[in-house]
Amino acid sequence: MRVALLSYRSKPHCGGQGVYLRHLSRELVALGHTVEVFSGQPYPELDEGVALTKVPSLDLYREPDPFRVPKLKEFRDRVDVEEFLTMCAAGFPEPKTFSTRVARVLKERVDDFDIAHDNQVLGYGMLEIEKMGLPLLTTIHHPITFDRRIDLSQTRNPWRKFTLSRWYGFLRMQKKVARKARFILTPSEASKRDIARDFGVDPDRMQVLLLGVDDAFQPPTTPRVPGRILAMASADAPMKGIATLLEAFAKLRTERDLELILVTEPKAGGKTERLIDKLSIKEHVRFVNGISDAELVELMGSAEIACVPSLYEGFSLPTAELMACATPLVVSRAGAIPEVVGPDGYAAELVTPGDVGELATALGSLLDDPERRARLGANGRRRVDELFSWRAVAATVAEVYEKVIADYEDARQRFDTLASSRLNDRKSETC
């Protein structure tokens, strides 16, 4: 099959969308399919055999100058103007503007593809793609309604609440598009349930498909660093629970020699850095970012314990990747995380999300129990071997492509038959 994979941003090393795009595209090509990725900035890192068509935005949120004001010569058309004005009004325009741009690009290339695959863009332009004659499959990793609820619940400033509400305004569009999607893939039962509830999508039009873990993630061949705790999450996103981890770590630091490594890049002077200063743990917390895949695997395998303190996850690829490295885990009992680690704490200690005391106790107990750490690590690796394969994901996705194409062709045939019947009826009435 000839596949167009659509993603409005595809940051390769953090965020499930970029990771999903890279590994799925690679494995689809390995199965003999032709894949072309259409992406806005930041552009993806893709493997050999996967084509990339850049669909550039104004890149208003790029580092190191997010929320930048573009020069006048950068504006190309009304979509660029809409993108900038939406940002100025505190909104997030990228899903909508990317969908408009990519629909425009695909309009000239409909015959080049058998199917288009929306990687949680859910912009109005996605609906136009099917009208052009190209079947569309949609992946929703989790409904962003959870991000909005958590962000708003942790904000007391009225003006900040207003701007956050504006920022998440794109959700109204995403709900409408999701309800009209032909078929949806999602990575967990938790996400499926939440998409049905928050977006109003019929569960019969959704299929759960677990994600994969790249073969590069392997248990370490060298000893782990005593007292090293690691977490992989956006430091400044409240939903990731890093504040809870920092407070728990500060409690443990009063009686133990520990270090905390956070694989993220915090906002300079942001909440995370201020909390670290307040807790007086700056010299014991290290941020790591911009490293290679090999360096990331080595870092994951160096930790004595890893922690996933999120308040919600639609799947949590970092959890599965850490399991692949046989790294003992303490994780939140939130969203799909229990599905990933297995029943009854098979591959991790589970704690109540947001509970500092419970998290500190669980981390401390696991640090004191090397046998338990070894057992959790081995169980995690075993679970990854049994369940999380990108090749299996790609094979199932290809099967779903065939079903979506068949459903689309059937719907078109029914429509053409109905239209022809109505036309004949009108001709008869005229005669």
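## A buried glutamate and its partner

Glu-27 has a relative accessible area of 10%, so this residue is buried (under 20% relative accessible area; over 50% is exposed, in between is partly exposed; 1.4 Å probe, protein chains only). The model is predicted, so local features need pLDDT of at least 70, side-chain atom pairs count only at pLDDT 80 or more, and totals for chains, interfaces and linings use all residues. Residues are numbered from 1 along each chain as its sequence is written, and side-chain values use heavy atoms, with hydrogens and water left out.

Glu-27 forms a salt bridge with Arg-391 (a side-chain nitrogen of Lys or Arg within 4 Å of a carboxyl oxygen of Asp or Glu). Their closest N and O atoms are 2.5 Å apart. The pair links distant parts of the chain: Glu-27 sits in helix H1 and Arg-391 in helix H16 (residues 390-430), 364 residues apart. Helices (H or I, at least four residues) and strands (E, at least two) are DSSP runs, numbered from the N terminus. Arg-391 is partly exposed, at 40% relative accessibility.

Arg-26 counts as buried, at 19% relative accessibility.

Arg-62 and Asp-65 also meet through their side chains in a salt bridge, 3.4 Å from N to O. Arg-62 is partly exposed at 34%. Asp-65 is partly exposed too, at 30%. Shared partners join salt bridges into one network of Arg-22, Arg-26, Glu-27, Glu-45, Asp-47, Asp-214, Asp-293 and Arg-391.

## Where H12 meets H15

Helix H12 (residues 317-324) and helix H15 (residues 370-387) have axes that come within 7 Å and cross at roughly 110°. Axes are lines fitted to C-alpha atoms, for helices over the stretch in contact; angles run from 0 to 180 degrees between N-to-C directions. H12 and H15 are therefore roughly perpendicular (65 to 115 degrees; under 35 is roughly parallel, over 145 roughly antiparallel, the rest oblique).

On the H12 side, the contact (heavy atoms within 4.5 Å) is made by Ala-320, Met-323 and Ala-324. H15 supplies Gly-377, Gly-380, Arg-381, Arg-383 and Val-384. These contact residues divide into 4 nonpolar (Ala, Val, Leu, Ile, Met, Phe, Trp, Tyr, Cys and Pro), 2 polar (the others, Gly among them) and 2 charged (Asp, Glu, Lys and Arg).
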